[in-house]
Structure formats: C-alpha cells, structure tokens
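Trainee: I would like to understand how the words used for a structure follow from its values. Could we go through some of them together?

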Amino acid sequence: MIRTRSLLADGSRLRRLAPLALPSAWGAVAVAWKFGCPLARQPGLPSVVFLTVGTGLVLGIQRGLARELARVRAVAAATQRVLLRPPPDRLDGLALAAGQLSATRGASVGGDLYEAVATPHGVRIVIGDVRGHGLAALGAVVAVLGSFREAAHDEPELGGVLRRLERALERHLRERARDEHPARAGSEPRHPAAEEFVTLLLLEVRSGGRLSVLNCGHPGPYRLGRRVERLPVGDPLPPLGVLPLPAALVPYTAARLLPGETLVLHTDGAEEARDRRGRFFALDAALAGAAAEPPAALVRRVHAALLHHTGGRLADDVALLVVRNDRVRVPAQPAEPGLRRSRPAPSSHC
C-alpha cells in the first residue's frame, strides 16, 4: 500500500512537471548551441534564440497552470455538490430552492450551510452561518451538516436534533484545538469557544403548514404572502459553541406557513451587505412583490440585486433557502341535509 501511494505521488509530480519538459529541452539545446556552434557568436542571433526559448517556456507553464486550474475548479464543484447539495425541487408538497454567494474570490463554498430533508416527523430544515467566511470555516460546516443529515431522521423531537448538532460542533472544535495546540500528556486541550461559533435556525414544517422553530442567534426568515413580514421565531438561544444549550429546549410553535405562502431563510450576509456609500441592502424591499415567483427565480432575483447593490464585492458569504407551501388546503365538506345511510328493511316472518 505504501509503495502504491509512493508511485501515485511520483506520477502526480511527473504530470505537474510535464509542461516544462519541452521548454527545458529547448533551453538545453540553446545553451549547447551557444557555446558549441560558431554561428552563435554572430551578433543578434543568440538573442532571437533565447527569446524563442523563453516564449516556449512561458507558454508551457501557462498551459500547465490552466490544466491545474481546471482540475481545481472541478474538485471545488464536486465538493460543493456534496457539501452544499441543492435541495430537491419538491419535498413533501413543498417547493424549494437554495443558493450561495461566497465572499472568497474563486471559492464556491464558504462558511454558510443549509439543508432540507423529509422525515417521518415532517420536513426539517437547517440554515446556519459559521463565524468568519471562506475556506477556513469549512470544517465546522462539515461537522454541523453531517450531524444534521443523520439526526433529522433519528430524533423524534426538534430539540434532540439541536443537541446532536451541538455535540458534533464541540467534537470538531476539540479535534481542531488538539491539532493546532497539542496538549501535554494526560491533559485535554481547550478549544477557543469564544473564537468560533455557529448561528443557525432549525425549522420543522408539519402537516397543515404548522411550524416548529429553534433559533440559535440567527436572523429570522421572511414570510411572503399578502405582504412581506418577518416570521416570529420566539426567544433566541445562544449560538452553538458560545454557551451550553439550556436544559429545556422548547420550540416556538405559534407560526404557520399557509398554502401559497413562501418562506425565505437567509444568513446575515444578505442584510449586512453594503454598497460603496455604506448603505445596507434592503432584503425586505427586494422581496416585495415576489410572492408568486418560483423559489429558484426568487433566489436568482435576490442574488442579482445583492451583486448590483455591492458592485460584486461581498464582505461576507450569503446563503438563501426558499420554501413555498404548495400543499392544497381541502376544506371540510359538510354532510348534505337529509342524507342518511339507508338501513335494510326488517325481514318479515310468516
């Protein structure tokens, strides 16, 4: 196994050096010709030769870097599909769409996370934001999303899902602290709890559009119906990683998502985005009149408005998850007056 890995590593290094082979050979020939051929002593001719060699060297390096960049982009796209996979278009009567804008140039993933899954307990949704942005926050994103995808199906109560996410983040922070600051034998490293945390919103859509919500310091979503309004989510809990969760986790259950209404979940990068004059992006204004738009079109509309407002320079990652209730409300049908089940006539005996 070790020999195989060594051979693979050697092959990878050879592939990286392959673009330099031809220019290097040209250079060797040019040097040999310079010192071994009488014609090379003529004025002007050596300069042409070395210019040709230099041009070939630059073109070879450029071609190799272009291939390497294409491979890196392919890996980044595959990583995004696995890490922040797009939700299905429809999930148990709900229409969904999601998207992210990364503040890191060239990155397709960052410190925001979202996921939606159908479970026996209802459609469960999470959206969160790791402190900071870009590639440095990917470890916490992986820990929280991986835990949610398991716990959403296993835990009957929403509070149980949240506790699983908290434990997963704590393990990640401990392991990262152990790697960055190895502790002495017999002691456990202390993770920087105040330096990295996750705000998130955990939501469950039940039958009839009933909502259960647990909010860990995350911005509340907008509900689009007859008007654009902030959905009430109850008293916020502390972000994960800052303080331990309280012993009792009681979801907020007074909100509903009626048929035809749309819910827009977002990270704080959307409302904290500023233009050149320092003005914040008005997300509620961008959502006005968009209640009838399909979720995917609504995500594209908000992204375009954000990029226009900031001039394409985002200071933080932005994630959006749009959920529209396409379930049909069937009113109860009253029984028609006078309509009774007929009974069989009593049989007569002779």
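This is a predicted model: local features need pLDDT of at least 70, side-chain atom pairs count only at pLDDT 80 or more; totals for chains, interfaces and linings use all residues.

Trainee: What makes up the secondary structure, and how much of the protein is buried?

Mentor: The protein has 8 helices and 10 strands, and buried residues make up 39% of its 350 residues.

Trainee: Why is His309 called buried?

Mentor: Buried means under 20% relative accessible area, and His309 has a relative accessible area of 19%, so the residue is counted as buried. His309 lies in helix H8, which covers residues 295-310, and beyond its sequence neighbours up to four places away it touches Ala273, Arg274, Asp275, Arg279, Phe280 and Phe281.

Trainee: What makes the pair of His309 and Arg279 a polar contact?

Mentor: The cut-off for a pair of N or O atoms is 3.5 Å, and a polar atom of the His309 side chain lies 2.8 Å from the backbone oxygen of Arg279, a distance that is within that limit.

Trainee: How do you know that S3 and S4 pair?

Mentor: Pairing needs at least two bridges, and S3 and strand S4 (residues 122-130) have 8 bridges in the antiparallel sense, so the two strands count as paired. Within this pair, Val117 stands opposite Arg124 in S4.

Trainee: Why are S3 and S6 called edge strands?

Mentor: The open sheet of 4 strands has the order S3-S4-S5-S6 with antiparallel pairing, and strand S3 (112-119) and strand S6 (211-216) each pair on one side only. The twist from one strand to the next averages 10 degrees.

Note on methods
Residues are numbered from 1 along each chain as its sequence is written. Side-chain values use heavy atoms; hydrogens and water are left out. Buried means under 20% relative accessible area, exposed over 50%, partly exposed in between (1.4 Å probe, protein chains only). A polar contact is a pair of N or O atoms within 3.5 Å; within protein, one must be able to donate a hydrogen and the other to accept it, and residues adjacent in sequence count only if both atoms are side-chain atoms. Contact means heavy atoms within 4.5 Å. Axes are lines fitted to C-alpha atoms, for helices over the stretch in contact, and angles run from 0 to 180 degrees between N-to-C directions.
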